[in-house]
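Good morning, colleagues. I would like to take you through strand pairing in one model, and I ask you to keep the display in view as I speak.

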Amino acid sequence: MDDIYVFCWCVVGLLVLGTSPSIGDLEAEPTCLSRFDYDYKMLQKIVSLEQTIQNLKDSLTESKNKIEDMSRENEQKIQNLKDLLAESRDKIDSGSIYIRWGRFKCQNNAEVVYKGFTAGKKWSDKGSGSDVICLPEDPSWLNYSNSNHLRGSVYGTEINIEEPSGVFEKKVNDQNLPCVACHIKKGSVIMIPGRGHCYTGWNLEYKGYLMTEWHGHPGPHNHVCVDHHPDFMQGGGENNDDHILYLTISKCGSLPCPPYANDRELACVVCSK
Ligand SMILES: *[C@@H]1O[C@H](CO)[C@@H](O)[C@H](O)[C@H]1NC(C)=O
């Protein structure tokens with residue numbers, strides 16, 4: 001605002017000079033005039049600069065608001081896409097299935113495909129299927145003839161063990177075992193024999209003990225991971241000696257000890273990712 005001061009004084013000076021030309025140096029007149037002109041032009045420039053700055057400020061604020069609006073919109077768009085992706089992931093019919101041996105129920109996040117009875121060949125049979133199967137509790141039939149000629153046989157499963165077992169937290173001897181097929185959204189599932197814990201980054205589905213046939217019984221047999229806290233089938237506590245599961249122990253020799261130990265019951269886990 002100093003410029004306005006100078007300008008005003010100059011105007012006053014001019015007026016004074018104009019009314020009484022006898023006073024003061026005449027040569028000062030053009031100096032003051034040109035100075036006035038200069039200051040006036042400067043002032044004009046300053047005013048126009050101020051206007052320009054104001055305009056710039058305005059357009060900057062406008063741009064800032066626009067950018068903020070856009071980034072807010074983009075954030076919303078990204079969130080929508082994320083939601084859509086999660087939704088589609090759920091819809092994609094991928095996933096895994098495992099049998100939870102010895103239980104009626106899956107874990108919370110898993111869907112029950114069916115539940116039923118653990119079964120396999122009779123302990124004394126030389127043939128029949130070697131694997132443990134999970135027979136649904138609600139069978140449905142195609143054709144049948146009810147003949148026992150030239151057939152393989154499957155029997156319900158019970159556990160044989162000395163009590164107290166020192167392994168299971170309750171008595172399990174002679175109890176018939178249920179089973180349940182569980183469907184999970186995760187793409188991979190693995191049963192790890194000899195581990196009571198999943199590896200880092202894997203999700204525990206259930207833990208238990210590795211079980212198979214007794215080593216003295218004929219025929220091949222597979223291993224299954226029986227839940228450490230098994231359910232029992234109602235009224236299934238008598239000794240049937242049909243298909244029988246036993247704990248499995250590690251034997252030192254070709255298998256290095258440590259890390260393994262002789263005659264130690266092996267744990268197992270079912271893990272997913
Ligand atoms: C059941 O048996 C009938 C008569 O022999 C036959 O026509 C039909 O195809 C069979 N069904 C199945 C599912 O095998």
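In strand β5, H183 stands opposite E111. That contact belongs to the pairing of strand β2, residues 111-120, with strand β5, residues 178-184, which is antiparallel and runs over six bridges. Strands here are DSSP runs of E with at least two residues, numbered from the N terminus, and two strands pair if DSSP finds at least two bridges between them.

Please bear in mind that this is a predicted model: local features need pLDDT of at least 70, side-chain atom pairs count only at pLDDT 80 or more, and totals for chains, interfaces and linings use all residues. Residues are numbered from 1 along each chain as its sequence is written.

Let me stay with β2. Four bridges join β2 to strand β3, residues 133-136, in the antiparallel sense. Which residue of β3 stands opposite A119? The residue is I133. A119 also stands opposite G156 in β4, where β2 and β4 pair antiparallel over two bridges.

From β4 we pass to β9. Strand β4, residues 155-159, pairs with β9 in the parallel sense, over three bridges, and T157 has H243 in β9 as its bridge partner. Strand β7, residues 203-212, runs antiparallel to β9 and is joined to β9 by two bridges; there, T212 stands opposite Y246.

Finally, is β9 mostly covered or uncovered? Strand β9, residues 243-247, is mostly covered, with four of its five residues buried. A residue is termed buried if 20 or more other C-beta atoms, placed from the backbone, lie within 10 Å of its own.

Methods. Buried ≥ 20, exposed ≤ 12 C-beta atoms within 10 Å, placed from the backbone.
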